[in-house]
Amino acid sequence: MKFCGLTRREDVDAAMTLGVDAIGFVLTRRSKRFVELDLAASLRAGVAPFVDVVALVMDDEPAWIEEVISRLAPDLLQFHGGETADFCTQFGRRYLKAVPMASVVDVAAYVREHPQAAGFLLDSHAVGGQGGTGEAFDWKRMPRDVARPLILAGGLHAGNVEQAVRVARPYAVDVSSGIEASPGIKDVSRMKQFAQALYQAGASNDQPAH
Ligand SMILES: O=C(O)c1ccccc1NCC(=O)[C@H](O)[C@H](O)COP(=O)(O)O
């Protein structure tokens, strides 16, 4: 379970209490969830061991990404734009690549373009569009024959995540709008309800979700 777009210490603390596996900081200035690097670094300092910190960028300059790496020491980079494999690998860091499901027809082919990615985050937007829209794509489009970690994102919330996991059988889920009061400001009760619904989905599944 990854919560994305956090900007406040209380939200980071609540996420950890709920057993989140990863926390995403949006570090592309084009986003309404952008968090200043100083603040992100200070939030990062309070993240417990075994919780991954993910730095999200989108078609950003290499110099900015190097600065993010040096000041935040993220466990993973998440590239959310049209970055090529060569671009993503130049930083020598583990990374996730977002798959813009509104534009990509053949997910397996897209995945093959990033042989070194640690995983893929399938989100509902089109190429060039931002994530964090709160919109879902058809979960039946999640491929079953791609042997790489596929993370389901886009429009998830407490009311649909159990069904989403049942249909898509992802490696993990990623949520932003569905646990928010407003962009970047998370809502503790929505976070709790989301985590409970996801744990419920895990408890009722009889096979691993990847
Ligand atoms: O969140 C943003 O503002 C954002 C901006 C630019 C590129 C990506 C962005 N977010 C990516 C995500 O947070 C996720 O893909 C997210 O899990 C899905 O968003 P949501 O539909 O809001 O749950």
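Helices (H or I, at least four residues) and strands (E, at least two) are DSSP runs, numbered from the N terminus. Residues are numbered from 1 along each chain as its sequence is written. This is a predicted model, in which local features need pLDDT of at least 70 and side-chain atom pairs count only at pLDDT 80 or more, while totals for chains, interfaces and linings use all residues.

**View 1. The whole model and its confidence.** The protein averages a pLDDT of 94, and 96% of the residues score at least 70; here pLDDT is the predictor's confidence in each residue, from 0 to 100. The scores for the model are ipTM 0.97 and pTM 0.95. Where pLDDT is low, the predicted coordinates should not be read in detail. An unreviewed UniProt entry lists residues 2-196 as "domain: N-(5'phosphoribosyl) anthranilate isomerase (PRAI)"; UniProt positions are given in the numbering used here, feature names are shortened, and annotations may be inferred rather than shown by experiment. Across residues 2-196, the span is 29% helix and 22% strand, and its end C-alpha atoms lie 14 Å apart.

View 2. Strand S2 covers residues 22-26, and five of its five residues are buried, so the strand is largely enclosed by the rest of the structure. A residue is called buried if 20 or more other C-beta atoms lie within 10 Å of its own, exposed if 12 or fewer, and partly exposed in between, with C-beta atoms placed from the backbone. In a regular strand the side chains alternate between the two faces of the sheet. In S2, Ala-22, Gly-24 and Val-26 point one way, whereas Ile-23 and Phe-25 point the other way. Two strands pair if DSSP finds at least two bridges between them. Strand S1 (residues 2-4) runs parallel to S2 and is joined to it by three bridges, and the partner of Lys-2 in S2 is Ala-22. On the S3 side (residues 52-57), five bridges pair S2 and S3, again in the parallel sense, with Gly-24 standing opposite Val-54.

View 3. S1, helix H1 (residues 9-17) and S2 make a right-handed β-α-β unit. From S2 the chain crosses through helix H2 (residues 37-45) to S3, and this β-α-β crossover is also right-handed. A crossover is right-handed if, with the strands pointing away from the viewer, the path from the first strand over the helix to the second runs clockwise.

View 4. Three bridges join S7 to S6, with the two strands running parallel, and Phe-120 has Leu-150 as its bridge partner in S7. S7 and S8 likewise pair in the parallel sense over three bridges, and the partner of Leu-152 in S8 is Val-173. The chain passes from S7 through helix H6 (residues 161-168) to S8 in a right-handed β-α-β crossover.

**View 5. The shell around the ligand.** The ligand is surrounded by 26 residues, of which the closest are Cys-4, Gln-130, Gly-131, Gly-132 and Ser-177; a residue is near a molecule or strand if its C-beta atom, placed from the backbone, lies within 6 Å of it. Strands S6 (119-123) and S8 (172-175) each supply at least two residues of this shell. By class, the shell has eight nonpolar, 14 polar and four charged residues, where Ala, Val, Leu, Ile, Met, Phe, Trp, Tyr, Cys and Pro count as nonpolar, Asp, Glu, Lys and Arg as charged, and the others, Gly among them, as polar.

**View 6. Two loop residues with positive phi.** Most residues other than glycine have a negative phi, and most peptide bonds are trans. Asp-59, in the loop between S3 and helix H3 (62-72), has a positive phi near 50°, and Asp-59 counts as partly exposed because 13 C-beta neighbours lie inside 10 Å. Ala-73, placed in the loop between H3 and strand S4 (76-79), has a positive phi near 45°, and with 13 C-beta neighbours inside 10 Å Ala-73 counts as partly exposed.

**View 7. Gln-196 in helix H7.** Gln-196 belongs to helix H7 (residues 188-204) and counts as partly exposed, with 14 C-beta neighbours inside 10 Å. Gln-196 and Leu-18 are 178 residues apart in sequence, and their C-alpha atoms are 8.7 Å apart in space.
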